[in-house]
Every structure is written in structure tokens, then in C-alpha cells.
Amino acid sequence: MLYPDHDVFPGKGVPETVRRAQQDAVRSYAAGLYEPCVIMCRKCIEVMCYELGETKGSLHKRLLALRDQQKIDSKLIIWLDGLRVIGNDAAHDLDAQIDKSDALDSLHFVEAVLMYVFSLNTRYDEFQSRRARSK
């Protein structure tokens with residue numbers, strides 16, 4: 001079985017643009033293409049920023065802006081910055097060694113961030129709406 005199961009994730013609320021990048025990362029991993037996998041994980045972050053309204057400046061600055069707007073928690077910023085750095089290494093560092101465990105960790109972190117930022121927020125909003133209607 002390959003991780004993650006792309007039939008299960010990404011979940012509800014994840015924009016299609018983000019979903020496509022994440023699934024390309026999964027397909028790269030499944031094919032044993034670990035550098036492209038982490039590059040696609042970085043692209044997920046780029047697209048996530050775009051979907052959350054941050055489109056200008058470096059990726060690092062966009063992430064900090066999302067944190068300042070309280071759209072992304074500080075802990076997730078640390079994870080996202082790690083994904084940004086490994087994605088940059090994979091794309092630009094000719095000596096970078098991206099192995100299977102790096103790629104799998106990148107997929108795990110991307111999945112966790114997307115679940116938290118999009119899926120869980122959507123589910124919580126639905127939960128709150130359902131609870132309000134039942135009162």
C-alpha cells in the first residue's frame with residue numbers, strides 16, 4: 001500500500017488547485033521520484049498561499065503574512081518553512097540528496113497542514129452550523 005491513499009485525502013474543503021498539486025506529489029512518490037515529490041509538496045504550499053489570498057512576495061513572506069493574519073498557526077509555519085526549504089533544495093541544489101524518507105515526511109507534513117487549514121476548518125464550520133440549527 002502506498003502512502004498516502006489519494007482516494008482518501010485530501011479531504012473536504014481542500015481547493016481543487018491544491019488537491020491537484022498534492023496528488024501529483026503522491027504520484028511522484030509512488031513512482032520513486034523523490035525530488036519531484038518534495039518539489040510538488042512545495043508547490044502545494046504555493047497554491048495554498050494563493051487560495052488563502054497571499055499572492056505577492058517570496059513564499060517565506062507569504063507564509064509569515066498568513067501567520068500574522070491568523071490564517072495559519074505558528075507551529076504550522078515551522079513545518080511549512082521546512083517544506084519550503086527542502087523544496088528549494090530539491091529544485092536548486094545540485095548536490096541535494098532527497099531520499100524516500102524525506103519525500104514521505106514531506107507528504108505527511110503537507111497532508112497534516114492541508115487537513116488542518118482546509119478540511120478541519122470546513123468540518124468545524126459545518127459542525128457549528130448543525131449544532132446551531134438543532135437548538
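Arg27 is partly exposed, with a relative accessible area of 44%, where partly exposed denotes the range between buried (under 20%) and exposed (over 50%), computed with a 1.4 Å probe and protein chains only. The residue lies in helix 1; helices are DSSP runs of H or I with at least four residues, numbered from the N terminus. Between Arg27 and Gly53 the separation is 26 residues in sequence and 27 Å in space, C-alpha to C-alpha. The model is predicted, so that local features need pLDDT of at least 70 and side-chain atom pairs count only at pLDDT 80 or more, whereas totals for chains, interfaces and linings use all residues. Residues are numbered from 1 along each chain as its sequence is written, and side-chain values use heavy atoms, with hydrogens and water left out.

Seven salt bridges are present in the structure, a salt bridge being a side-chain nitrogen of Lys or Arg within 4 Å of a carboxyl oxygen of Asp or Glu. In helix 1, Glu16 and Arg19 are three residues apart, about one turn of the helix, and their closest N and O atoms are 3.5 Å apart. Glu16 counts as partly exposed at 44% relative accessibility. A salt bridge of 2.8 Å, N to O, joins the side chains of Arg62 and Glu46. Because Arg62 lies in helix 3 and Glu46 in helix 2, this pair ties together parts that are 16 residues apart in sequence. Arg62 is buried at 8% relative accessibility, while Glu46 is partly exposed at 23%. Arg42, Glu46 and Arg62 are linked in a network of salt bridges. In helix 4, Arg84 and Asp81 form a salt bridge of 2.6 Å, N to O, and are separated by about one helical turn, being three residues apart. Arg84 counts as buried at 16% relative accessibility.

The largest nonpolar core has 34 residues, of which Ile45, Met48, Leu63, Ile72, Leu80, Val117 and Phe118 touch the most other members. Such a core is a set of buried Ala, Val, Leu, Ile, Met, Phe, Trp, Tyr and Cys residues joined through side-chain atoms within 4.5 Å. Helix 1 (16-30), helix 2 (34-51), helix 3 (59-68), helix 4 and helix 5 each supply at least two residues of this core, and helix 2 gives the most, with nine residues. Apart from neighbours within four places in sequence, Val117 is in contact (heavy atoms within 4.5 Å) with Met48, Leu52, Ile72 and Leu76.

Three aromatic pairs are present. Rings of Phe, Tyr and Trp (its six-membered ring) pair if their centres lie within 6.5 Å; planes under 30 degrees apart count as stacked, over 60 as edge-to-face and the rest as tilted. Tyr29 and Tyr34 form a tilted pair, at 5.7 Å centre to centre and 55 degrees between the planes. Tyr29 is buried at 9% relative accessible area, whereas Tyr34 is partly exposed at 21%. The rings of Trp79 and Phe109 are also tilted, with centres 5.4 Å apart and planes at 45 degrees. This pair links distant parts of the chain, Trp79 in helix 4 (residues 74-92) and Phe109 in helix 5, 30 residues apart. Trp79 is partly exposed at 29% relative accessibility, as is Phe109 at 35%.

In the loop between helix 3 and helix 4, Gln70 has a positive phi of about 60 degrees although it is not a glycine. Gln70 counts as exposed at 72% relative accessibility.
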